[in-house]
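User: Can you walk me through how the labels on this model were assigned? I'd like the cut-offs next to the values.

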Amino acid sequence: MRVVIAEDAAVLRELLAQMLTERGHEVCAAVGDADALRTTVAAHGPDVAVVDIRMPPTHTDEGLRAALDIRASRPGTGVLLFSQYIETKYASRLLAGGSAGVGYLLKDRVANVAEFTEALARVAAGGTALDPEVVTQLVGASRRTAELDALTERERAVLALMAEGRSNAGIAQSLVVSQGTVEKHVASIFTKLGLPASEDDNRRVLAVLRSLRA
C-alpha cells in the first residue's frame, strides 16, 4: 500500500511510519497537520490516508474535515480515521458519504500490529474497518435517535421543559395546557422511550439523559 499519515504526535507518527515500512508498505509522507495532509494527498495520490481527528490548531475536528475533503476530491483514496476517543458524531459524518473505503479505529488498536495493518488494507481496497467499540456506540446512538423520532412535537416540547428541571405544573403553565394533559404526554414519552416504572430509576432523569445523548 501507498500510505499518507497525518498525526500531530511526532512519536506516534514515526512509530506508524516505521511499522508500515517494515511490513513492505510505502509511506509517501507523515505530516502533523490537516493542511499538510491535503497537500501531500494531492501530490502523492496514496491508496489510503491514516488521519488523526484532532489536529492543530484547535485540536477539534481538523483531521475529520480534511478527510471529508479528500473523500470529496479523491473518492478512490481510502481514509482511516484514528482517534483516542469514541466520537460517534465524527464517525457518522464520515460514513454519511458512503462506507466504501473508510474506517474508524481507536488508537489502542495500534498495539495489535496485525489487526491495524489488516484494517488499513481493507480500507485501501475499498472496504470498511470500524472499531467494535465505535460500532457499539453508533448502534446505541441510532436506537436513541429512532426512539426520539417517535415523539410528537408536543411531546418533544414537554421533554425539553423536563430537561430544564420543570415540574408537571410548571410545564403546564409554560405550554398553557392542563396538568392532566402534561401527565398524559409524560406517560407517552416514557412508553415511547421504553422506560417502564421502576423503584430504582427516576424516569424523568432517564428520559432527559436519553434526549441529551441523542
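Analyst: Here are a few labels, each set against its definition. This is a predicted model, where local features need pLDDT of at least 70, side-chain atom pairs count only at pLDDT 80 or more, and totals for chains, interfaces and linings use all residues. Residues are numbered from 1 along each chain as its sequence is written, and side-chain values use heavy atoms, with hydrogens and water left out.

User: Why is Met162 called buried?

Analyst: Buried means under 20% relative accessible area, exposed over 50%, partly exposed in between (1.4 Å probe, protein chains only). Met162 has 6% relative accessibility, so it counts as buried.

User: And what does Met162 touch?

Analyst: Leaving out residues up to four places away in sequence, its contacts (heavy atoms within 4.5 Å) include Ile171, Phe190 and Val208. Met162 and Val208 are 46 residues apart in sequence, yet 6.9 Å apart in space, C-alpha to C-alpha.

User: What makes helix 2 and helix 3 roughly parallel?

Analyst: Their packing angle is about 20°, with the axes 9 Å apart. Angles under 35 degrees count as roughly parallel, over 145 as roughly antiparallel, 65 to 115 as roughly perpendicular and the rest as oblique. Helix 2 and helix 3 are therefore roughly parallel.

User: Why do strand 2 and strand 6 stand at the edges?

Analyst: The open sheet has 6 strands in the order 2-1-3-4-5-6, with parallel pairing. Strand 2 and strand 6 each have a single partner strand, so one side of each lacks a neighbour in the sheet.

User: How do you know strand 5 pairs with strand 6?

Analyst: Pairing takes at least two DSSP bridges, and 3 bridges join these parallel strands.

Note on methods
Axes are lines fitted to C-alpha atoms, for helices over the stretch in contact, and angles run from 0 to 180 degrees between N-to-C directions. Helices (H or I, at least four residues) and strands (E, at least two) are DSSP runs, numbered from the N terminus.
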